Amino acid sequence: MAKILLVEDDDLVRDMLTQVLQRASHQVTCAANGEEATQCLRNEEPDIMVTDIIMPKKSGITLISEVKNQHPNLEIIAISGGGRLDPTGYLDLSETLGAAVSFEKPIDNTALLMAIDLLLHGKKEKIKG
Amino acid sequence: MILSNNGFVILIAIILLIMGALVAALIHVAQLAHRHAHSLKQTKENLQNEINDRIHAEETKQKLEVALLQGQKLQAMGTLAGGIAHDFNNILYAIIGYAEMAREDVEQDSLVHKNLGKVIDAGHRGQDLVSRILAFSRRQHHQFDPIDLKNTTEAALALLRPTIPAGVIIQFKPVEITILGNQTQIHQVFVNLINNAVDAMDGEGAIDIVMNHVAPKDPLLEQIPDILPQNYCKIEVKDTGHGMDQPTIDRIFEPFFTTKEVGKGTGLGLSIVHTIIKEHQGEITVKSQLGHGTTFMILLPEYSV
């Protein structure tokens, strides 16, 4: 079981992902954008943060770069459906900034849950292998 | 009155002089008339030339306006496609995610389980479509290398051959031509064009792929607005399929425009071809007539070291 901070601005995706993570016995806290996520991180210490990239108020890219400075041990998973750029463009950037792994939406939820398990058990290198 | 011999001679001389003067005058008048006629002819020719020049200029202007409008339209649609892709991916993700969870909660052999599987499949089809839309709107910088067009075309033909109906004969007349381009993209151009030709023929007919060199002063280049005078490679893909009417020809390179049945074509194949050719500083034109087949002509700048 992991404590997960889920940052996603799309209500439907946030609700769906919350259920998917809870069904896999994870404890989920939600934030609707980067600003809310920063607030949450003042009070909580999650094991993993799953964050969208394109969001209002504070984007996932800004959030990741801030979090990596303030919470260096927090594992990050970036997710994106793309937009002005090819989604892989944002996701490559998120990994450069410190995300352990990234997924392009629509995501294979089984792969996402597997990545969470591997990160939780400190086997980050296995995700990309 | 009887004239003396001298008087008679003088009279004859005067008559001759008058006649001479008359002849000279007549010759002058004839010369003037000839010059006038020549000048009229010249003026008429000049006018005709001027009219032709103006018609040509007007036609070129119209072609340029149409080409510009088409380019702007394609660009705008690309931007729009990129814009909706993000939201669409979120929607698809929610559909697939909820359907997967709901499927976990029902009996494996139930109709609900099966139907939810269909929802998930449809979601994945939507996902595939979005990734193709993104491929269209992306302006990523592909790496350009010298590529052998003959080999690239043969590779595309080898890939497609197993899927081409036996009744469709393909004739390929290659020449040795090198262009500077992206191998994958040019490969995709041939795959899309050949697939399109096959689809236009309902299982029977012929596809001719003809390559030629085009010199900088070739009259063909004069018909194409804004093209640079340089060596080009001309590739024609001709089919004997059902052809197209003018309204279809006018929209053939627009994204999402398709004449194929629902589910058979995304309407992106030819717009991707158009985008790729433009990225390679090339041109693509189409000629078609209902019942008489279609010819796509591509011009790509030839590469020389």
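Reply: Let's start with the term itself: a nonpolar core here is a set of buried Ala, Val, Leu, Ile, Met, Phe, Trp, Tyr and Cys residues joined through C-beta atoms within 7 Å. Keep in mind that this is a predicted model. The largest such core has 49 residues, and the members that touch the most others are A:Ile77 and A:Ala78. Chain B has a hand in it too: its helix α1, residues 5-104, gives the most to this core, with nine residues. In general, nonpolar side chains tend to be buried together in soluble globular proteins.

Now zoom in on A:Ala78. Leaving out residues up to four places away in sequence, A:Ala78 touches A:Thr51, A:Ile53, A:Gly60, A:Ile64, A:Leu91, A:Ser94, A:Ala99 and A:Ser102. There is also a second, separate core of 32 residues, with B:Leu149, B:Ile194, B:Ala200 and B:Ile252 among them.

As for the rest of chain B, seven helices and seven strands make it up, and 23% of its 305 residues count as buried. Of the chain B contacts with a separation of 6 or more, 74% are between residues 24 or more positions apart.

Some of the strands pair up. In chain B, strand β4 (residues 205-214) and strand β5 (residues 232-239) pair in the antiparallel sense over eight bridges, and B:Asn212 has B:Lys234 in β5(B) as its bridge partner. β5(B) is also joined by eight bridges to strand β7 (residues 294-301) of chain B, again antiparallel. There, B:Lys238 stands opposite B:Thr295 in β7(B).

Notes: Residues are numbered from 1 along each chain as its sequence is written. Chains are lettered from A and ligands numbered from 1 in the order in which they are written. This is a predicted model: local features need pLDDT of at least 70, side-chain atom pairs count only at pLDDT 80 or more; totals for chains, interfaces and linings use all residues. A residue is buried if 20 or more other C-beta atoms lie within 10 Å of its own, exposed if 12 or fewer, and partly exposed in between; C-beta atoms are placed from the backbone. Helices (H or I, at least four residues) and strands (E, at least two) are DSSP runs, numbered from the N terminus. Two residues are in contact if their C-beta atoms, placed from the backbone, lie within 7 Å. Two strands pair if DSSP finds at least two bridges between them.
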